[in-house]
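Dear colleague,

I am handing over the structure below, and my notes on what was found in it follow. Please read them beside the coordinates.

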Amino acid sequence: MRRPLVAGNWKMNGDTESTISLVKGITDGRAEVTNAEVLICPPYILIPRAADALNGRDDISLGAQDLDINQNGAFTGQISASMLVDAGCKYVIVGHSERRAIYGESDQDVADKFKVAQQGGLTPVLCVGETLEERESGETEAVVARQIQAVIDVVGINQLDDAVIAYEPVWAIGTGKTATPEMAQEVHRFIRAMLAALNGDIAEKLRILYGGSMNAGNAESLIRMTDIDGGLIGGASLQAESFLAICMAAN
């Protein structure tokens with residue numbers, strides 16, 4: 001049985017005061033979340049603030065939103081896997097659509113980050129998904145398969161045993177639009193079937209999250225789908241009440 005995971009991607013939001021307040025709100029309500037694993041991914045500079053606010057609690061995991069492929073050196077502005085582990089992170093998001101679209105990350109870049117994350121002791125949350133144009137052209141499965149295959153080509157199928165995949169239709173991120181539960185399930189089922197053709201055990205155990213504008217109102221209907229194992233939450237993760245409601249839906 002796959003344990004649901006609800007991950008909050010704060011993106012470029014927050015400060016010290018709001019981080020302490022948000023973490024307190026989540027920890028205050030965490031006891032009611034009896035099943036789902038809870039993960040928060042603050043901006044780099046707020047990870048230590050969040051770690052301090054958690055005060056050693058291990059029932060809420062910390063993650064980062066990105067990392068660099070280099071371990072150290074003259075790479076101004078970059079953060080390495082070892083730095084993230086040192087700050088208390090267990091997870092890192094790789095290949096988010098905003099990184100791909102705004103910063104030009106290629107499938108190869110994402111695959112390299114996936115590899116470095118695992119080598120550095122982090123569990124990667126691999127984001128995949130299609131644009132509206134690609135969906136309307138019937139390319140959804142081809143795009144998702146290409147993005148996943150790029151990682152498999154670099155690390156091999158067995159390395160997905162220690163990873164999470166998040167399907168995030170790009171057209172549904174930050175737009176308020178959401179794939180219907182059936183639409184999302186169709187892609188999640190495709191991903192699991194693609195992996196099952198390579199390794200059935202890994203495909204069965206791998207958690208696949210939905211990451212397209214999941215909120216307190218639609219979380220339950222999405223997560224009840226057979227192959228949807230939680231959510232990668234954007235805007236709704238910035239309010240403790242709405243984030244906890246999604247975590248409760250994952251119970």
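In what follows, Ala, Val, Leu, Ile, Met, Phe, Trp, Tyr, Cys and Pro count as nonpolar, Asp, Glu, Lys and Arg as charged, and the others, Gly among them, as polar. This is a predicted model, in which local features need pLDDT of at least 70 and side-chain atom pairs count only at pLDDT 80 or more, while totals for chains, interfaces and linings use all residues. Residues are numbered from 1 along each chain as its sequence is written, and side-chain values use heavy atoms, with hydrogens and water left out.

By class, nine nonpolar, five polar and five charged residues form the lining of the largest pocket. A pocket here is an open set of points on a 1 Å grid over the protein atoms alone, where a 1.4 Å probe fits, with protein on both sides within 12 Å along at least five of seven lines; lining residues have an atom within 4 Å of a point. Of the 19 residues that line the largest pocket, Lys 11, Met 12, Gln 65, Arg 99 and Tyr 103 lie nearest its centre.

The second largest pocket has a lining of seven nonpolar, two polar and five charged residues.

As for the protein chain as a whole, its C-alpha atoms fill a box of roughly 45 × 45 × 35 Å, taken along the principal axes. Buried residues (under 20% relative accessible area, with a 1.4 Å probe and protein chains only) make up 52% of the 251 residues. Among contacts (heavy atoms within 4.5 Å) between residues at least 6 apart in sequence, 73% join residues at least 24 apart.

With best regards

Methods
Buried means under 20% relative accessible area, exposed over 50%, partly exposed in between (1.4 Å probe, protein chains only).
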